[in-house]
Amino acid sequence: SKEFHVIIKDTQADPQKAIDGVRQLHQENVVGIVGPLLTVNEAGLEAEKLQIPLIALTQKSDFPLHGDYLFANFITPEMQVRTLGTYLFSDLGIKKVAILYPNEKYGKKYMELFWDIVDEYDGEVVGVESYDGKKTDFAEPIQKLTGQHFPIPDFLKPDSGTALTEDTFIDNESTDFTEENLDYTKDEDDKEEEEKIQIDFEALFIPDSPSKINLILPQLAFNDAKDMYLVGTNLWHHQSLLKDSKGYNKNAIITDGFFNNSQNNSTAQFTK
């Protein structure tokens with residue numbers, strides 16, 4: 001087997017540094033370049049000019065460069081969503097899904113693509129909620145998805161213009177506070193607690209990183225959002241999800257890339 005000497009250049013996401021890096025690697029007489037993740041256009045143009053094979057690690061499906069020395073090899077969002085869609089709707093026969101996504105570029109992109117694939121398979125999106133990725137409490141969007149969220153009535157809001165005065169209090173002397181006169185009895189209250197939340201979706205798509213998923217999954221369980229498939233992107237392929245979300249990560253479906261002809265024992269077992 002041959003030994004390879006690897007030279008690493010940090011572009012720091014700077015287009016000029018990416019160009020300079022390609023030039024420096026050309027002077028080192030490298031066989032080829034793998035990368036970069038960012039500034040791929042600038043690096044690619046320079047590599048094509050210097051005739052150095054470059055494999056850009058870009059997620060952009062519309063990678064604009066064309067040339068004899070330019071290649072792209074990365075899992076795109078479109079590839080991930082289509083693979084998930086095929087498995088969920090064709091293999092599992094799922095019909096109804098919901099989407100819980102971070103209100104940022106990554107989350108919005110995957111939300112839109114996933115919704116498109118649901119429509120393509122004649123599925124139904126029964127709920128879509130976003131959340132602030134900078135927060136750690138996701139109760140409100142989860143409760144909206146499960147139908148448990150009840151907004152505060154306008155007349156109880158601080159800015160509604162309605163203030164409680166002595167006249168608004170109930171006349172205790174004329175009101176008989178017996179169990180019969182209450183809107184609900186203890187037995188009815190107990191019955192409500194016993195009723196389980198009925199989830200009207202079979203799968204929940206959450207395109208986010210493990211740090212957020214580790215917070216969201218326990219909160220789903222706490223709000224009785226259970227017994228459904230949990231669907232994620234390749235970001236979910238992380239050891240922390242096995243450790244930190246243990247017990248909450250059941251029925252998870254994710255997509256990721258691997259070399260199915262690998263002789264690595266673990267990969268071979270997985271492929272088999």
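Trainee: Is arginine 82 buried, partly exposed or exposed?

Mentor: Buried means under 20% relative accessible area, exposed over 50%, partly exposed in between (1.4 Å probe, protein chains only). Arginine 82 has 38%, so arginine 82 is partly exposed. This is a predicted model: local features need pLDDT of at least 70, side-chain atom pairs count only at pLDDT 80 or more, and totals for chains, interfaces and linings use all residues. Residues are numbered from 1 along each chain as its sequence is written, and side-chain values use heavy atoms, leaving out hydrogens and water.

Trainee: With which residue does arginine 82 form a salt bridge?

Mentor: A salt bridge is a side-chain nitrogen of Lys or Arg within 4 Å of a carboxyl oxygen of Asp or Glu. Arginine 82 pairs with glutamate 120, with the closest N and O atoms 3.0 Å apart. Helices are DSSP runs of H or I, at least four residues, numbered from the N terminus. Glutamate 120 lies in helix 4 (residues 105–120) and arginine 82 in helix 3 (residues 77–91), so the pair ties together parts 38 residues apart in sequence. Glutamate 120 is partly exposed too, at 47%.

Trainee: Where do lysine 144 and glutamate 140 lie?

Mentor: Both are in helix 5 (residues 139–146), 4 residues apart, about one turn of the helix.

Trainee: How many salt bridges does the structure hold?

Mentor: The count is 6.

Conventions: Helix = DSSP H or I, 4+ residues; strand = E, 2+ residues; numbered from the N terminus.
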